[in-house]
Amino acid sequence: EDWGAVGSYPLGVFIADQRRYYAAGTLEAGRVAELEALGMVWSVQASAWETGLAVAQAYADTHGHFLPPATAVWGGDGFPIGVWAKNQRAAARKTRENAARRANGETGLSYAGELSQERMEALDAIDPGWAPQGWDVAWQRCYRLLLAHTRAGGTLPTAAGQLIVQGE
C-alpha cells in the first residue's frame, strides 16, 4: 500500500523529526517507548554498523578468520561482508595515519571517515588480524588458512594448485 502523505504530512518527514527530537533529548519518554515498540531505528548508521558487526562475527565463526575477499557475501540476506570489511579496513588505516599525523603535531585534521576506538576493539575481538598493517589482506588470509590447515594436521603442498582452502 502506498502511504504517501498522511494528513498532508509525509511519513519520512515525521520519522526524521522524531529522530532529531530524540537526539536532542526532547522527545517524551512515552513517545520513545511507543516508537521503539514499533521497531524504530534511531540511527541508521549505528544500525548498519551493528548489522555488519553481527555478520562479521558469523563469518569469522564459520571461516576461522575475518579476512573476507571484497567479493564475499554472507548470510541469508546476502550481506556484502567483503565490501563492508574493506570499508572498515580503509577507515582503520585512515585512523592510524591521522593519529600519526596528529602525533607529529599536525592540526586541523578531520575525524570524518575514521573508525572509533570502540569499533576497532569490537573488530579486534572478532579477529585481531582483521586489518593487517604492512602487508596485503590476501596474504594475511592465505597465511591464516595455511595456519589452520597445518594445525588441523594437514601438510604443506609440494606444488602450486595442490591445495585449495576457501577458494585460496
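**Grounds for the descriptions**

Q: In this predicted model, what makes the pair formed by the side chain of His-65 and the backbone nitrogen of Leu-67 a polar contact?
A: A polar atom of the His-65 side chain lies 3.0 Å from the backbone nitrogen of Leu-67. A polar contact requires N or O atoms within 3.5 Å, and the pair at 3.0 Å is therefore within that cut-off.

Q: Where does His-65 lie, and which residues does His-65 touch beyond four places away in sequence?
A: His-65 lies in the loop that joins helix H3 (44-63) to helix H4 (81-103). With residues up to four places away left out, His-65 touches Tyr-59, Ala-60, Asp-127, Arg-141, Arg-144, Leu-145 and Gln-166.

Q: What is the secondary structure of the protein chain, and in which order do its elements run?
A: The protein chain has two strands and six helices. From the N terminus, the order is β-β-α-α-α-α-α-α.

Q: Why is the protein chain described as more spread out than a compact globule?
A: The globule rule gives 15 Å for 168 residues, whereas the radius of gyration is 22 Å, well over that value; the chain is therefore more spread out than a compact globule. Along the principal axes, the C-alpha atoms fill a box of roughly 75 × 50 × 25 Å.

Q: What share of the residues in the protein chain is buried?
A: Of the 168 residues, 27% are buried.

Notes
Residues numbered from 1 in each chain as written. Predicted model: local features only at pLDDT ≥ 70, side-chain atom pairs only at ≥ 80, totals over all residues. Heavy atoms only, no water. Rg over C-alpha atoms; globule rule 2.2 N^0.38 Å. Buried < 20%, exposed > 50% of the residue type's maximum accessible area, 1.4 Å probe, protein only. Polar contact = N/O pair within 3.5 Å; in protein donor to acceptor, adjacent residues only side chain to side chain. Contact = heavy atoms within 4.5 Å.
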